Amino acid sequence: RKFLGDLWKSDQFLGKRSNECAGRTELEGTCVGDIGFSVSVYEDAPTKPFYRVIVFNSGSPEAERDYIMFLHRLWIIERFQDQLMLTWNLEAWQGTTKNMTERRAPVELERPVRCAFKDTEFQPMPQIDNTAEAVQLPPRQLAEQGYWVLAKLVIRKILPEDRNQEEEPTTYFTGAGTGAMHAGLTSMWLRAEDEKTYEAYLIAGVGFECAARRLFKDVRTTDTVEYLHSYTHVMDVYANAIDRKMGEDCLFGRRSFEAGADGRQFCEKIIGHTGPELFYRGQSMIVTVEEEPKQTPTSQMLQAQQALEACTYFTHSPWYAAMLLMDDNILFYDGKTDGGCKLREPLPQDDRLQKCPMSTAADQECLLLLDNVQPLPV
């Protein structure tokens with residue numbers, strides 16, 4: 001903001017303030033501990049015609065992770081392992097090794113982790129009741145849709161329904177992480193609500209087509225959305241292996257990744273593992289296998305979880321993205337990238353091939369889980 005000077009105009013926050021920032025207004029930025037949703041507005045006025053950029057902010061790492069797990073639990077259980085392998089092969093242009101094909105744990109050790117992950121009650125945001133009271137909304141709305149409810153209310157403070165669209169500056173949306181996801185969802189929502197198109201540039205985002213079909217019924221997911229532009233690292237797990245992206249999809253970092261760039265040695269270690277093996281963070285368990293007690297998650301799973309964090313430290317970082325995109329050999333003058341750009345078409349309404357999971361086979365598989373799983377003694 002110091003670099004941009006007068007170009008930064010305002011913040012807009014909606015949610016529950018922390019005790020340290022209880023006196024802040026909704027037009028002031030967020031503090032550590034605030035729970036809610038915020039955007040930042042930048043303008044190049046007083047020149048005319050002038051431009052405006054609305055940045056959709058993401059939350060704390062802990063809250064963002066729980067929100068992603070809440071939205072994408074079904075995908076992580078049913079689709080993640082295969083999609084991660086496709087990302088490694090087709091997006092990053094890396095080969096599959098024999099070791100990768102053998103990484104998934106035996107069913108006796110993987111299934112308890114899968115079932116425990118399935119039964120974890122991920123919350124779409126912390127302190128739902130208190131936050132709902134602060135924003136004067138029914139807690140059920142936040143429990144069902146999380147930050148998306150707040151995102152629409154915030155954007156309406158900047159773009160009210162009765163605004164004069166003819167005098168409105170050229171406006172772009174952007175964001176990173178779940179902020180990028182909300183920027184894309186909001187652009188699609190306003191296209192339907194206001195019949196107005198806002199170009200959105202999504203940096204290191206999160207896939208959202210299937211989550212929106214299942215949870216956000218006010219977003220039309222069957223339209224082609226060429227006005228969404230995603231820029232993601234070829235090995236960004238959250239963008240490429242979780243859910244489906246929509247709009248123009250531009251991949252970057254392929255050349256440096258092939259040459260052994262930062263993060264590759266960590267990303268390689270997660271290929272072949274299942275989603276629950278990588279994302280489960282609950283209590284360890286003792287499982288009886290052939291009359292012998294064994295611990296799960298196994299040491300191999302725990303090492304893979306650490307590798308996942310290290311991999312995404314680089315590939316899912318907007319700061320790492322900014323560094324790479326400064327290279328003219330990665331981001332070209334026409335906006336295309338070294339990994340190529342293509343338009344992702346939406347799924348048909350009926351989704352006959354069931355590319356978006358609406359249920360999980362784990363519901364039945366876990367009923368068959370023998371009573372041989374015990375919590376690890378503390």
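## Exercises: disulfides, rings and cores

Cys-210 and Cys-356 are both buried. The exercises below use a predicted model.

**Exercise 1.** Characterise the link between Cys-210 and Cys-356.

*Solution.* 
- Start with the sulfurs: S to S is 1.9 Å, and a disulfide joins Cys-210 to Cys-356.
- Next, the torsion: -80° about the S-S bond makes the link of Cys-210 and Cys-356 left-handed.
- Then place the ends. Cys-210 is in helix α9 (residues 209–215), and Cys-356 is in the loop between β10 (341–344) and α16 (362–365). The pair is 146 residues apart and links distant parts of the chain.

**Exercise 2.** Is the link of Cys-250 and Cys-341 left-handed or right-handed, and what does the pair tie together?

*Solution.* 
- Cys-250 and Cys-341 are joined by a disulfide, S to S 2.1 Å.
- The angle about the S-S bond is 115°, and the link of Cys-250 and Cys-341 is right-handed.
- Cys-250 lies in strand β7 (residues 247–252) and Cys-341 in strand β10, so the pair ties together parts 91 residues apart in sequence.
- Now test burial. Buried means under 20% relative accessible area. Cys-250 has 0% relative accessibility, so Cys-250 counts as buried. Cys-341 has 25%, so Cys-341 counts as partly exposed.

**Exercise 3.** How many disulfides does the count come to, and what pattern do the disulfides follow?

*Solution.* 
- The count comes to five disulfides.
- Number the bonded cysteines along the chain: the pattern is 1-2, 3-10, 4-9, 5-8, 6-7.

**Exercise 4.** Classify the aromatic pair of Trp-88 and Phe-257.

*Solution.* 
- The structure holds 14 aromatic pairs.
- Trp-88 lies in helix α2 (residues 80–91) and Phe-257 in helix α11 (residues 254–258), so the pair ties together parts 169 residues apart in sequence.
- Both Trp-88 and Phe-257 are buried.

**Exercise 5.** Trace the surroundings of Phe-173.

*Solution.* 
- Begin with the largest nonpolar core, which has 91 residues. Phe-173 is one of those with the most contacts inside this core. Helix α1 (residues 61–78) gives the most to this core, with nine residues.
- Move to the rings: Phe-173 forms one aromatic cluster with Phe-37, Phe-56 and Tyr-198.
- Finish at Tyr-198: the charged end of Lys-196 sits over the ring of Tyr-198, 5.8 Å from its centre.

How values were computed:
Residues are numbered from 1 along each chain as its sequence is written. This is a predicted model: local features need pLDDT of at least 70, side-chain atom pairs count only at pLDDT 80 or more; totals for chains, interfaces and linings use all residues. Side-chain values use heavy atoms; hydrogens and water are left out. A nonpolar core is a set of buried Ala, Val, Leu, Ile, Met, Phe, Trp, Tyr and Cys residues joined through side-chain atoms within 4.5 Å. Buried means under 20% relative accessible area, exposed over 50%, partly exposed in between (1.4 Å probe, protein chains only). Helices (H or I, at least four residues) and strands (E, at least two) are DSSP runs, numbered from the N terminus. Contact means heavy atoms within 4.5 Å. Rings of Phe, Tyr and Trp (its six-membered ring) pair if their centres lie within 6.5 Å; planes under 30 degrees apart count as stacked, over 60 as edge-to-face and the rest as tilted. A charge sits over a ring if NZ of Lys or CZ of Arg is within 6 Å of the ring centre and within 35 degrees of the ring normal. A disulfide is a pair of cysteine sulfur atoms within 2.5 Å. Lists of a residue's contacts leave out its neighbours within four places in sequence.
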